Amino acid sequence: MTPDERHLKRINRYLIAINGVYDDLVREIALVVVRLKVGDKLFRFRDYGTITKEVSRALKNYNDNLLSSIKTYTQYEWDYGNAKVSELLIENLAKVKGKVSGTAYEAKLKEISTQSVNKSALEAFQQRKSGKFTVSERVWNITKQAKENLEFAIDDALREGMSAQDLARKIKGNLNNPDALFRRVRDKHGNLQLSKNAKAFHPGQGVYRSAHKNAMRLAANEINTAYRQAEQLRIQGNNDVVGQKINLSPQHKVYDICDELAGSYPKDFQWSSWHVLCKCFRTMILKSPTELITEINNGQNLSPESSSNFVSGVPDNFTSWLSENRESLEKIKSKPYFLEENKTQFTM
Ligand SMILES: [Zn+2]
């Protein structure tokens, strides 16, 4: 298994844990509401003063656990990305061992280990805004949406005499299919009653109706981006890396933007994915062994541009993709991050 395949497997493991955070929320809420006597009105937590404290506490726990899980796992994959790059650079250096002096070799090894990306860069990553919001703001929005999701699910599921376990199971079932849930609740109460609470069910573009799905997508994307960002900073900081290649995953089956944009890019082209949940991966383009040997033996640390492997611009397929999609790209308000962050690399 390649490090990138392992990275995807690791993300899946983290997502299972994050799934558990959501299960805990549903279980806690079911325990609280199961003892309520509910009327015919659309179910709202705020109509039941006796449970307000417990509901707020459960939601706060969910919010805090989701946020701290994302923090922990972004750190794991940040470190993992760092370790991967170090390992590959050391492997590459090993190819010229014996053809350069022992001291020069040791110095090069040391240089690789000191380039590991530091903690403050990770913290800056974790606190950054992507688009309009920080991760902590996004998690907060998900928690608010989860509250509304739960109200609909409880409205449909809660019957007198149920056990908390049965209720939790029914709530989960309901939330797994938010579209059908929404229709049932609307048929029961009519559009008017719903309109106040329907924000959760008419989320903006690119947002799921299910808070849980949004949480999973946010987590997967943050964790993957942390790995890519650590990799990116290392690539930029090492003169022996002279470009990057963005490759399709072997699992990639359906032709899409990833096929159209795969190729060799300049080393400072900012890349983490072509789209959310993209499985493409990056490999480093390095100086040739001959270049490396000559350089080390001359006691030099030449710039990437000196290499015959140096990638000086985006590939032709990127440029043609851009011109083919120019019109539709001009219409959308928030452009893909890889266009925003690489403005100097091409003309729009
Ligand atoms: Zn992709």
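The crossing of helices α1 and α6 is right-handed, a label given when the near helix is turned clockwise from the far one by less than a right angle, with anticlockwise counting as left-handed. Helices here are DSSP runs (H or I, at least four residues), strands are runs of E of at least two, and both are numbered from the N terminus. The model is predicted, so local features need pLDDT of at least 70 and side-chain atom pairs count only at pLDDT 80 or more, while totals for chains, interfaces and linings use all residues. Residues are numbered from 1 along each chain as its sequence is written, and side-chain values use heavy atoms, leaving out hydrogens and water.

Axes are lines fitted to C-alpha atoms, for helices over the stretch in contact, and angles run from 0 to 180 degrees between N-to-C directions. Residues of α1 including Tyr-22, Val-26 and Leu-31 meet residues of α6, among them Leu-167, Ile-171 and Leu-175, where contact means heavy atoms within 4.5 Å.

Helix α6 also has α5 (residues 135-157) as a partner, with an angle of about 120° and axes 9 Å apart. Their crossing is right-handed. On the α5 side the contact includes Asn-149, Leu-150 and Ile-154, and on the α6 side it includes Leu-167, Ile-171 and Asn-174.

Elsewhere in the model sits a zinc ion, coordinated by the SG atoms of Cys-258, Cys-278 and Cys-280 at 2.1 to 2.4 Å. Donors are N, O and S atoms within 2.8 Å of the metal (3.2 Å for Na, K and Ca), and since water is not among the atoms, sites may look incomplete. Along the chain, the zinc donors follow the spacing C-x19-C-x1-C. Cys-278 counts as buried because its relative accessibility is 6%, and Cys-280 does so at 3%; buried means under 20% relative accessible area, exposed over 50% and partly exposed in between (1.4 Å probe, protein chains only).

Ser-272 counts as buried, at 11% relative accessibility. Leaving aside residues up to four places away in sequence, Ser-272 touches Asn-224, Thr-225, Arg-228 and Tyr-337.
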